[in-house]
Amino acid sequence: MVEAFAVASGKGGTGKTTSTLALGMALAETHDVTVIDADTGMANVLFHAGLADVETTLHEVLAGDAAVEAAVYDRFGMRVVPCGTSLAGFERADPTRLREVVATLARETDVILLDSPAALDSRSAVLPIVLADRVIVVLQPTVPSLSDGLKVQEYALTYGTGIAGVVFNRVADDEDIEGVARKAGQYFEGETLASVPESDAVRAARRAGKPLLAHAPASTAAQRFREAASGLTVRDIASGDVADRFRSAVIPEES
Ligand code: ADP
Ligand code: MG
């Protein structure tokens, strides 16, 4: 079985990469998890997962220069496919090959998490949302962030992708998270999975090049991400069906 989730937000800096790896590690306690850095223009999974020095990444795979297997690294109980950060690598990468990459990885895992680009302004940027079964929307508890998140939801629903839920991240002590969550409940199809505080532990984990759940597993933020993961009931979709669906996914026209 396999289910693919895109972790998306419509804006940079909301904590998509942090959330992808935290949810991935939490889900890895009960599932085989594969994390793919599908943010191929602003990749940063590698910096969060201690993979900054690896030679082969998704860029080489998308350029047709390497097999998928060469870019898969076993880290923190997950299979992690990092992406490179060079402009040359990005330019050589053919985003449409992501379909085949996901189809291949779907055969050997239970959960695929696609760390997704912030903007939704190109084919390659919306592709993770198109390919995923469901989207996890990462929001800061502000009105502009909610409105960006609603655009993500609109894209998702247009392409037949469901909404798994909303993770509020970087929530300050004095924020009216109840009020914002209520609003989100009205507008978003999924439930609120968790509310993660603005936290020194998260920043320290990033500096250490480790996912939060490895660096500070006892922190409140880590605990909240575990709660979010336990609210995600991973569905049992036959991997052959998923692979076929990825291969035949219609890629949107360049806008
Ligand atoms: P994105 O992938 O959406 O661009 P990141 O996960 O890379 O966002 O996070 C952006 C920056 O914000 C990173 O430096 C990260 O450490 C920091 N950050 C993310 N979530 C939190 C949080 N809950 N508390 C403090 N810092 C955070
Ligand atoms: Mg990121």
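I began with strand β6 (residues 134-139) and found that it runs parallel to β7, with six bridges joining the two; strands here are DSSP E runs of at least two residues and helices are H or I runs of at least four, numbered from the N terminus, and two strands pair if DSSP finds at least two bridges between them. The model is predicted, with local features needing pLDDT of at least 70, side-chain atom pairs counting only at pLDDT 80 or more, and totals for chains, interfaces and linings using all residues. Residues are numbered from 1 along each chain as its sequence is written, while chains are lettered from A and ligands numbered from 1 in the order in which they are written.

I then followed the chain from β6 through helix α7 (residues 143-158) to β7, a right-handed β-α-β crossover, meaning that, with the strands pointing away from the viewer, the path from the first strand over the helix to the second runs clockwise. R134 has G162 in β7 as its bridge partner.

I looked next at strand β8 (residues 191-197), which is parallel to β7 and joined to it by five bridges; there, E191 is the bridge partner of G165. β7, helix α8 (residues 177-187) and β8 form a right-handed β-α-β unit.

I checked burial in β7 and noted that eight of its 10 residues are buried, that is, with 20 or more other C-beta atoms, placed from the backbone, within 10 Å of their own.

Last, I turned to ligand 1, where α1 (16-27), β7 (162-171) and α9 (200-208) each supply at least two residues of the shell. Of the 18 residues around ligand 1, G15, K16, T17, T18 and R206 come nearest, a residue being near if its C-beta atom, placed from the backbone, lies within 6 Å.

Terms used
Buried ≥ 20, exposed ≤ 12 C-beta atoms within 10 Å, placed from the backbone.
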